[in-house]
Amino acid sequence: MRPSSPNKRRNLVLALLLGLGGGVGLAFLFDILDNSVKTSEDVERYGGLPTLGVVPKFSLEGASKAYSYGRRLKGKKEPPQLGAGKTRKETGEAASSGVDATSPVAPFVAEVEKSERPGTIELVPHFFPNSRLAESYRSIRTALLLSSADNPVKTIAVTSAMPGEGKTVSVANLAVTLAQSGKTVLVVDADLRRPRQHRLFKIKNTFGLTTYLTDSVPIKDVVKSTEIPNLFVVNAGPVPPNPAELLGSEKMARFIRMMGEESDFVLFDLPPMLEISDALVLGAKVDGIVLVVWGDKTSREALKKAREKLDLLKVRTIGVIINNVNVPRHGAYYYKDYYHGYHRS
Ligand SMILES: Nc1ncnc2c1ncn2[C@@H]1O[C@H](COP(=O)(O)OP(=O)(O)O)[C@@H](O)[C@H]1O
Ligand SMILES: [Mg+2]
């Protein structure tokens with residue numbers, strides 16, 4: 001009655017099963033191959049450490065958008081109506097950077113737009129205090145203060161497993177946020193091999209920490225004020241031949257104690273810790289260490305190794321900052337959209 005071959009039903013069922021199996025198998029395979037740290041659960045599981053906060057990936061557009069949104073809400077006279085959440089297109093509002101000429105960040109945005117370099121995350125809490133990014137540094141500040149409520153930390157060193165994970169940026173932005181809350185903050189660039197804080201704060205890297213530690217330069221000559229109130233910087237100074245020795249010296253220990261007494265917080269920028277011993281040498285002298293990981297990139301092994309090294313030296317690790325998280329991708333998971341929620345309510 002029917003052709004004996006091909007057996008369509010059997011072939012279809014087989015194809016369906018194979019397709020499903022293959023798809024699920026591939027998904028598992030990719031998951032196994034991807035061994036990067038992504039979420040606070042990963043940090044807890046592979047590093048055994050608490051997460052202090054998450055910093056999204058920076059884009060200038062995102063920063064200025066958040067800024068203009070905040071401004072728009074503040075300028076509104078009537079409370080927002082239900083269903084009034086129209087997009088820019090619907091209201092016909094200009095979709096430019098959204099920063100008008102009278103706003104305090106206008107010169108910065110203009111400068112960034114003029115220069116061909118893309119804007120960077122550096123000092124964003126200073127230039128865009130209303131941005132989401134600034135908000136994420138504020139919640140890291142809160143976590144930092146809460147996590148050390150019983151046993152206050154004053155001198156904090158920031159490091160990471162590998163280079164380029166955002167140590168320098170985290171130190172500078174966290175320092176700005178702490179200074180904004182009225183604390184006196186000192187940033188010390190102890191990354192003597194690749195110093196960069198002086199560039200962020202636009203200071204010449206002539207006299208600095210290394211000069212102080214090797215010569216008899218008075219301390220007031222190396223502590224420099226910045227355009228940000230309450231925030232002071234000790235830049236690294238000329239690159240020495242023996243950074244670890246300098247950081248481990250008795251004079252450095254005295255310097256840390258003295259600076260801790262003079263200011264509310266001292267933040268140290270350090271080199272990466274897996275290949276260079278500087279971070280551990282200094283880490284043993286400060287109140288606590290903060291680790292930075294680069295979301296989706298830092299490997300679980302690197303985080304594990306970093307934790308083991310810190311434990312070996314009995315260094316107090318306060319927690320981890322997950323940097324450069326792709327918010328549109330992991331979005332709702334990490335963020336309650338503050339402005340949006342406010343608008344709707
Ligand atoms: N959240 C972020 N979004 C976008 N770029 C970032 C972010 N964090 C850091 N960067 C950029 O990554 C680069 C490395 O950061 P840096 O703080 O110098 O790393 P490290 O001090 O760990 O070597 C810098 O160019 C910095 O501007
Ligand atoms: Mg650095």
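**A guided view of the predicted model**

R196, with a relative accessible area of 29%, counts as partly exposed; under 20% a residue is called buried, over 50% exposed, and in between partly exposed, judged with a 1.4 Å probe and the protein chains only. The structure is a predicted model, in which local features need pLDDT of at least 70 and side-chain atom pairs count only at pLDDT 80 or more, while totals for chains, interfaces and linings use all residues. Residues are numbered from 1 along each chain as its sequence is written, chains are lettered from A and ligands numbered from 1 in the order in which they are written, and side-chain values use heavy atoms, leaving out hydrogens and water.

R196 forms a salt bridge with E122, and their closest N and O atoms are 3.2 Å apart. This pair joins distant parts of the chain, 74 residues apart: R196 is in the loop between β3 (185-189) and α9 (197-200), and E122 is in the loop between α5 (106-114) and α6 (124-127). A salt bridge here is a side-chain nitrogen of Lys or Arg within 4 Å of a carboxyl oxygen of Asp or Glu. E122 is partly exposed, at 24% relative accessible area. The loop between α5 and α6 also holds L123, a residue that has a positive phi of about 60 degrees although it is not a glycine. L123 is buried, at 4% relative accessibility.

The structure holds 7 salt bridges. One of them pairs K38 with D34, the closest N and O atoms being 2.6 Å apart; D34 is partly exposed at 31% relative accessibility. Another pairs K220 with D221, at 3.6 Å between the closest N and O atoms. K220 is exposed, with a relative accessible area of 62%, whereas D221 is partly exposed at 35%.

Seen as a whole, the protein has 16 helices and 8 strands, which are DSSP runs numbered from the N terminus (helices H or I, at least four residues; strands E, at least two). Of its 345 residues, 45% are buried.

In soluble globular proteins, nonpolar side chains tend to be buried together. The largest nonpolar core of this model has 44 residues, and those with the most contacts inside it are V188, L209, M252, F255, F268, L282 and L291. A second, separate core of 36 residues includes I121, L144, V187 and L267. Such a core is a set of buried Ala, Val, Leu, Ile, Met, Phe, Trp, Tyr and Cys residues joined through side-chain atoms within 4.5 Å. Beyond its neighbours within four places in sequence, L209 touches several residues, among them V188, V234, L247, M252 and F255.

Two backbone details remain. The peptide bond from S5 to P6 is cis, with omega near -5 degrees, and P6 lies in the segment before α1. N230, in the loop between β4 (224-225) and β5 (231-234), has a positive phi near 70 degrees and is not a glycine.

The average pLDDT, the predictor's confidence in each residue from 0 to 100, is 82, and 78% of the residues score at least 70. Residues 67-97 stay under 50, with 34 contacts beyond four places in sequence. Residues 331-345 are also below 50, with 27 contacts beyond near neighbours in sequence.

Methods. Contact means heavy atoms within 4.5 Å.
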